[in-house]
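Morning, everyone. Let me put the model up, and then I'll go through its interfaces.

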There are 4 protein chains.
Amino acid sequence: MAGNTFGNIYRLSSFGESHGEAIGGVIDGCPPNIELDLNVIQKELDRRKPGQSAIVTQRKENDEVEFLSGIFEGKTTGTPIGFIVRNTNQKSKDYSHIADTYRPSHADYVYEKKYGIRDYRGGGRSSARETVSRVVAGAIAKQIIPDIKINAFVSSVGDIFIDKPYQALDFSLTESNDVRCPDLATAEKMEAYIKEIRKEGDTVGGTITCVIQNVPVGLGEPVFDKLHAELGKAMLSINAVKGFEYGSGFCGAKMKGSEHNDLFNTDGSTKSNLSGGIQGGISNGMDIYFRVAFKPVATIMQEQETINSKGEVVKMQGKGRHDPCVVPRAVPIVEAMAAMVIVDFYLLSKVY
Amino acid sequence: MAGNTFGNIYRLSSFGESHGEAIGGVIDGCPPNIELDLNVIQKELDRRKPGQSAIVTQRKENDEVEFLSGIFEGKTTGTPIGFIVRNTNQKSKDYSHIADTYRPSHADYVYEKKYGIRDYRGGGRSSARETVSRVVAGAIAKQIIPDIKINAFVSSVGDIFIDKPYQALDFSLTESNDVRCPDLATAEKMEAYIKEIRKEGDTVGGTITCVIQNVPVGLGEPVFDKLHAELGKAMLSINAVKGFEYGSGFCGAKMKGSEHNDLFNTDGSTKSNLSGGIQGGISNGMDIYFRVAFKPVATIMQEQETINSKGEVVKMQGKGRHDPCVVPRAVPIVEAMAAMVIVDFYLLSKVY
Amino acid sequence: MAGNTFGNIYRLSSFGESHGEAIGGVIDGCPPNIELDLNVIQKELDRRKPGQSAIVTQRKENDEVEFLSGIFEGKTTGTPIGFIVRNTNQKSKDYSHIADTYRPSHADYVYEKKYGIRDYRGGGRSSARETVSRVVAGAIAKQIIPDIKINAFVSSVGDIFIDKPYQALDFSLTESNDVRCPDLATAEKMEAYIKEIRKEGDTVGGTITCVIQNVPVGLGEPVFDKLHAELGKAMLSINAVKGFEYGSGFCGAKMKGSEHNDLFNTDGSTKSNLSGGIQGGISNGMDIYFRVAFKPVATIMQEQETINSKGEVVKMQGKGRHDPCVVPRAVPIVEAMAAMVIVDFYLLSKVY
Amino acid sequence: MAGNTFGNIYRLSSFGESHGEAIGGVIDGCPPNIELDLNVIQKELDRRKPGQSAIVTQRKENDEVEFLSGIFEGKTTGTPIGFIVRNTNQKSKDYSHIADTYRPSHADYVYEKKYGIRDYRGGGRSSARETVSRVVAGAIAKQIIPDIKINAFVSSVGDIFIDKPYQALDFSLTESNDVRCPDLATAEKMEAYIKEIRKEGDTVGGTITCVIQNVPVGLGEPVFDKLHAELGKAMLSINAVKGFEYGSGFCGAKMKGSEHNDLFNTDGSTKSNLSGGIQGGISNGMDIYFRVAFKPVATIMQEQETINSKGEVVKMQGKGRHDPCVVPRAVPIVEAMAAMVIVDFYLLSKVY
């Protein structure tokens, strides 16, 4: 109810503030007898962490996950998996300047109004650092469904976008560059642009596209828990996300039925896939693909006017390192959330 | 778990197939002592029903809601509200031609594969007729929060769109025309276009924009149940929806932080509202606005090739009346789902 | 949250007041392709209804269930099953004398204080008539697991009790007498006693024992959703229930470990079964058995002093027919709730 | 779904095995701005821990709770409270003798059959050590509702029981003796008996009575989530519990309505309280009282025959220290679970 649990069968209950003792969670409903590769989990955390490349924040965080339960002799036991990631790099004094100030387009103001109290250090619970727990849970989810491939990548940064259908891309190139864009020419342009933005002390938004392959027919629970509705909620719950579309998306809203309908092949597959692999809220076996919009990060290295808790106008400016474009770092988060949604419906589909 | 319940505190459990006995539901968690205006509820149903204007399907349905419990002497009692709407107009023979055939871009195929059985009459549970229950529950939800104004309207049909910010519109004009577009010049173009589409036996998609005013600060439960994440899920659960964006949405993904940040006024309101009334997943008291993309309806009056359950190619063509553009009829559904989400968080916000 | 939904995978959302239009519910999560015997469902309703024998209330109710969805050509479709049972016999005028009065040991007072409004006719939502929905949902649940046998029977009325272990009973005799006691000599004594109580205008309590056979190993979800914890909650949610014990129960609390431990046979079954078929919250394949205590019905045909809503002392006396002992009529309700719990865990057990 | 989350508004998600790294949990839904006394929490853990007195297991455990989030400058923030208690005293080698053996009346066999794998060390997840998390969550819950008094005590051990109504007891004496029995003469007898049992290498069961005072009218959500149904589930979810009764309980099943009805005083209180403070599933402002039955602990220091995973008969005997009677140590657990249930409904009652 209070918003910190995700999933039904495969459930993550998450906790942790940016500058508290630790980020962590409890995963309940993980099937037993899954042989977990802990290195793979750590590798996903490394894909998310700050300081990993020249185009993201240079703040160093070394996110090491410690598992506390639910794993015995390398295998899951069916009991809840508790885990923590210590916040090793918190320097609380850095944040004293915002204790009493509401940063524009951050959650400071609404947390204060909603709860009457807030841990102001680094955004507290509203910090994207919270996504550490999601990445851990997603990395385990992926290992439950090894045959299903979840491929997220940066498809646009500012006005620069991949001008090809996803079928023309080689997903194995996503990790070959710092932007996580599998189209290398576009990646180069994006990288140059992000560096420029960084020099300005500014930030920029972008989009991530995610393609999920080898999904069995039948996942999703109409009418309210349609597969794409849960995917949409999952994506919209990630910090800075402003939009979600799947299949033909907003473009589909301009089309005619005669253009949009996906005609069948005799094996039940479809000739086109404007449906995005989902019909009536249920996977149809075709590729699922969707696109997620991220706004530019609110913390900029430029002076802005804002207010404090007394309603007085104050000037503020981000200090130290900043994150000119979080979209590359959000790629493993999008994959993690997608993996959790798919596993949840996959496990539920065994019931009937 | 099986997907037919929506909400946490204010919950709708819905049932009913297009051509079964009735559509209905149970609303649990409605506060007691709400004086219900049943005419208003019926009026909302009338806005949704087929046959109401020249540009929607001409199929006549007279959707009359019967309340079975939870209301005593005109007021809610705090006990569950059971209700049904009889399916008076079902002619099951009309659908015999699809008993064994999977219509393109419909849910026939996936229902058959998922459940191993399906009520093929009129789409069964996958029919948009299911939204009758949502409209009833939404119309009650609105009466719990009379001060909050929920204004949905058609903002585009095909390539025709309102070329103004929502602040320039007069929402009282939405119901003045069949398209439910408050910009009358645009409405006229849309109407003409839909009539053209109908003549072709084709269908067309569109978008609905929704603006919610007078929302108190503090609604929404981070981190997973962010207000916009629940709104997104709610919208994506409506038939034919392909995308959702709020505030700056997909446009925001192209912007810089220095352009995008909403600076504060001294009273906590913001000078711009690219955040769309929500920060960190919590309402900030500014207008909430979002946009929903609807694909064109799959049933067209043109011949299409498809397959039957034996995997044979067959030709099919929609019979009788069709719905060239469902977007106008979806306006009350968008409002109903938004109302349910807002009420749910509104009630929950009383806890703390 | 508001308490009218039961179950996780197999879920009943229930509605209806004693003297409203109808009692009913929505069953979500019923597996598809179950061939339902509707006569069996009706038969269970008949076992619950008033007026069925000489020792229960003589109020006539003819409870006919109407299914509205989720069943197609005699089989479940996997979509929600909506159903209603009309309240045909409500005479609202009969209840005017309690509109303003709180009956002792009824829920009148607490409903008034909690909700600030109440449908006073016949107890409204607090009436045991609500259990009609449970019996319908339970009768369907039983048909999902035909191999599992659920046998409830009256094991005591007042001080009269069956002085034999359940293994010495022939459950096929339960329905042979009005008390639903499979030990015929005891049944006779109980029946005579209930008739005596009725003459006095008084009521009496009793216990029901339930034995569930052929339960597969592995049902139940520790640590909080232990099989017996859910059974206990299910039973305690039935009107007038004051206690629940399973296996050795309260007697077990007096025993030593050396007496109480169930030693294994080599096939994993146990030599004794003081555990009651459940260990660590998980079924072990042995018979599950438990006992449920019902208080005497509060409505008696004797004059009592009570208070009205102004806090004034008033005299009241039950009018018309009364129910000297509801325990026999509660037998199908106990079975229904047990069936719902078992089906819920049975379906969930397919996940892992 | 997988059973490791308790509560709706105030929710504990728990994890941890007896001999894993740590026991812990996430508490979601704790209201903000509660000033927490961490010493009180630790004190509750000390009441639960082994080795605290002469009559419980002498195994030393030093359970220190570490809070990881959700508390800022001594106050709750409304964000989830993550916490862990390290397992400092696990000697895994001690348990090698049961790796392949199923102990009688333990959960070894059913865990193996259900999950196909089990952490056999000390019972793993089925160990009562799991209740550490409950005690932490309960100790916080108590601080949310300081005016409500929750008093649990040992009311019987074997055949020895307190022969007085609870109103004749002085709850301040409960902690004055190792048995946690407020009737000192009875406490002495119980203590002597437990010492005798310990010498025999045997164990014994008992009951705990709990009295909750100052509960506001209106807690509980009929029809399924009645206050006593949730209390019953909470208690039955504790290790070794075999039964639950409230108010008149099983005795009430022998009574007549004319004896059992609680007549009103003019202020809405009742002259007697056989209802146990709950009517129709809703608190009525009178004392809530209930009784919980605990079986004798299965681990005894006597030789027993049992089977191993190959179905062979083997002899086994508990090693080292044992717990002749866990009932005294279960007192804080009963209180913790009661506190969680009461807080959950208390918070929910603010909604309407």
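Ground rules first. This is a predicted model: local features need pLDDT of at least 70, side-chain atom pairs count only at pLDDT 80 or more, and totals for chains, interfaces and linings use all residues. Residues are numbered from 1 along each chain as its sequence is written, chains are lettered from A and ligands numbered from 1 in the order in which they are written, and side-chain values use heavy atoms, with hydrogens and water left out.

Start with chain A and chain B. Contact, meaning heavy atoms within 4.5 Å, links 106 residues of chain A with 106 residues of chain B. The two chains bury about 8,000 Å² between them, 60% of it on carbon and sulfur atoms. That is the accessible area (1.4 Å probe) that two parts lose on being put together, summed over both. On the chain A side, F224(A), K242(A) and F250(A) lose the most area to chain B, together 11% of what that side buries.

Now charges. A salt bridge here is a side-chain nitrogen of Lys or Arg within 4 Å of a carboxyl oxygen of Asp or Glu. Between chain A and chain B there are 8 of them. K114(B) pairs with E221(A) in a salt bridge, closest N and O atoms 2.9 Å apart.

Next, chain B and chain C. How many residues does each chain put into this contact? Chain B gives 46 and chain C gives 46. The buried area is about 3,400 Å², with 60% on carbon and sulfur atoms. In chain B, L68(B), F72(B) and I117(B) lose the most area to chain C, together 18% of what that side buries. The rule finds 2 salt bridges across this interface. R86(B) forms a salt bridge with E66(C), at 2.8 Å between the closest N and O atoms.

On to the helix. Helices are DSSP runs (H or I, at least four residues), numbered from the N terminus. Buried means under 20% relative accessible area (1.4 Å probe, protein chains only). 13 of the 14 residues of α3(B) are buried, so the helix is largely enclosed by the rest of the structure.

Last, the annotation. UniProt, in an unreviewed entry, lists R48(A) under "binding site". Such annotations may be inferred rather than shown by experiment. R48(A) sits in helix α1 (residues 38–48) of chain A. Is R48(A) buried or exposed? R48(A) is buried, at a relative accessible area of 2%.

Technical notes:
Buried means under 20% relative accessible area, exposed over 50%, partly exposed in between (1.4 Å probe, protein chains only). Helices (H or I, at least four residues) and strands (E, at least two) are DSSP runs, numbered from the N terminus.
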